[in-house]
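Reader: I am new to this structure and would like to learn how to read it. Please take one feature at a time, with the general idea before the case.

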Amino acid sequence: MANVDVADRVSGLMGGRDRARSVLNKLGYDTTDWVRVVMYRECFSFIESLSPGKLDTLEIAAGPQWKRRFQFKSYTAADYPAFDICEDRLDRQFDLIIADQVFEHLKWPQRAGKNVFSMLKPGGTFIVTTPFLIRLHDSPIDCSRWTETGMSYLLQECGFEAQNIKTASWGNRACVRANFRRWPRFGWYKPLHNERDFPVTVWAFARR
């Protein structure tokens with residue numbers, strides 16, 4: 001089993017990802033991708049500080065993590081290709097907009113950021129997370145990477161004020177190496193110390 005992820009093996013045996021995740025989590029095996037563990041901890045803690053039950057929330061290209069973790073006042077998922085954040089805007093505004101591992105796949109990220117800005121209520125927050133030292137993964141295409149500094153400048157180009165942008169990143173050499181061939185889960189334990197010169201994940205909180 002050395003080269004096979006435990007979560008994938010159990011999922012195959014049990015015939016379902018959700019069932020396997022529930023069983024493994026009860027055993028203390030964290031099925032979160034290693035590259036995202038610290039990112040989710042920091043982002044979830046930030047959302048808790050905003051009182052999620054009061055937030056009208058939009059998630060772009062929605063995944064299960066955020067909706068599963070929080071009971072928002074309202075939750076809207078806008079999924080590609082029916083909704084293209086580079087081209088489309090919803091005719092309403094939100095307290096919180098989330099783009100989790102989305103912007104690296106966009107042809108026109110600046111256009112997308114401007115659309116996000118327009119859909120935020122005054123004082124609303126945009127949470128954007130992207131990979132950095134991660135191999136290419138086409139879904140359906142893979143276009144861009146940003147450092148913390150680059151992410152801040154991108155968001156400023158989209159309308160956010162520099163003082164209203166907070167960036168962060170996490171990674172270490174062990175995680176970079178481990179993701180050369182597969183996407184390992186955190187499991188029972190993997191090192192979470194941060195080596196700032198080897199970020200695998202970059203994120204930002206930007207307030208309108």
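Reader: What is the order of the strands in the open sheet?

Author: Strands of a sheet pair through backbone hydrogen bonds, either parallel or antiparallel. Here two strands count as paired if DSSP finds at least two bridges between them. Helices (H or I, at least four residues) and strands (E, at least two) are DSSP runs, numbered from the N terminus. In this predicted model, the six strands of the open sheet have the order β3-β2-β4-β5-β8-β6, and the pairing is mixed. β3 (74-78) and β6 (165-170) stand at the edges, each with a single partner strand, so one side of each has no neighbour in the sheet. From one strand to the next, the twist averages 15°. Axes are lines fitted to C-alpha atoms, for helices over the stretch in contact, and angles run from 0 to 180 degrees between N-to-C directions.

Reader: In which sense do β2 and β4 pair?

Author: β2 and β4 pair in the parallel sense, over four bridges. Thr57 has Leu96 in β4 as its bridge partner.

Reader: Which strands does α3 touch as it packs on the sheet?

Author: Contact means heavy atoms within 4.5 Å. α3 touches β4, β5, β6 and β8, and its direction makes about 15° with that of β8. Another helix, α5, lies across β2, β4 and β5 and runs at about 145° to β5.

Reader: How many residues does helix α3 have, and how far does it reach?

Author: The expected span of a helix is 1.5 Å times one less than its number of residues. Helix α3 (residues 37-49) has 13 residues and reaches 19 Å from its first C-alpha to its last, close to the 18 Å expected. Its buried residues are Val37, Val38, Met39, Tyr40, Cys43, Phe44 and Ile47. Buried means under 20% relative accessible area, exposed over 50%, and partly exposed in between (1.4 Å probe, protein chains only).

Reader: Which residues of the largest nonpolar core touch the most other members?

Author: In soluble globular proteins, nonpolar side chains tend to be buried together. A nonpolar core is a set of buried Ala, Val, Leu, Ile, Met, Phe, Trp, Tyr and Cys residues joined through side-chain atoms within 4.5 Å. The largest one has 29 residues, of which Ile85, Ile97, Phe103, Phe126, Met151, Leu155 and Phe160 touch the most other members. Two or more residues come from each of β2 (56-60), β4 (94-100), α5 (109-119), β5, α6 and β8 (201-207). α5 gives the most to this core, with four residues. A second, separate core of 24 residues includes Trp34, Met39, Leu96 and Cys175.

Reader: What is Phe126 in contact with, leaving aside its neighbours within four places in sequence?

Author: Its contacts include Ile97, Phe103, Leu155 and Phe160, as well as Ala204, Phe205 and Ala206.

Reader: Is Asp142 buried or exposed?

Author: Asp142 is buried, with a relative accessible area of 13%. It is found in the loop between β5 (120-131) and α6 (148-157). A polar contact is a pair of N or O atoms within 3.5 Å; within protein, one must be able to donate a hydrogen and the other to accept it, and residues adjacent in sequence count only if both atoms are side-chain atoms. The side chain of Asp142 makes such a contact with the side chain of Arg145, at 2.7 Å.

Reader: Where is Glu148, and which side chain does a polar contact join to its own?

Author: Glu148 is in helix α6 and is buried, with a relative accessible area of 17%. A polar contact of 2.7 Å joins its side chain to that of Ser169.

Reader: What is the phi of Ser51?

Author: Most residues other than glycine have a negative phi, and most peptide bonds are trans. Ser51 has a positive phi near 60°, and its place is the loop between α3 and β2. Ala61, also not a glycine, has a positive phi of about 55° and lies in the loop between β2 and α4 (64-69). As for cis bonds, one runs from Tyr80 to Pro81, with omega near 10°. Another runs from Ser139 to Pro140, with omega near -5°.

Reader: What should I know about the numbering and the values?

Author: Residues are numbered from 1 along each chain as its sequence is written, and side-chain values use heavy atoms, with hydrogens and water left out. Because this is a predicted model, local features need pLDDT of at least 70 and side-chain atom pairs count only at pLDDT 80 or more, while totals for chains, interfaces and linings use all residues.
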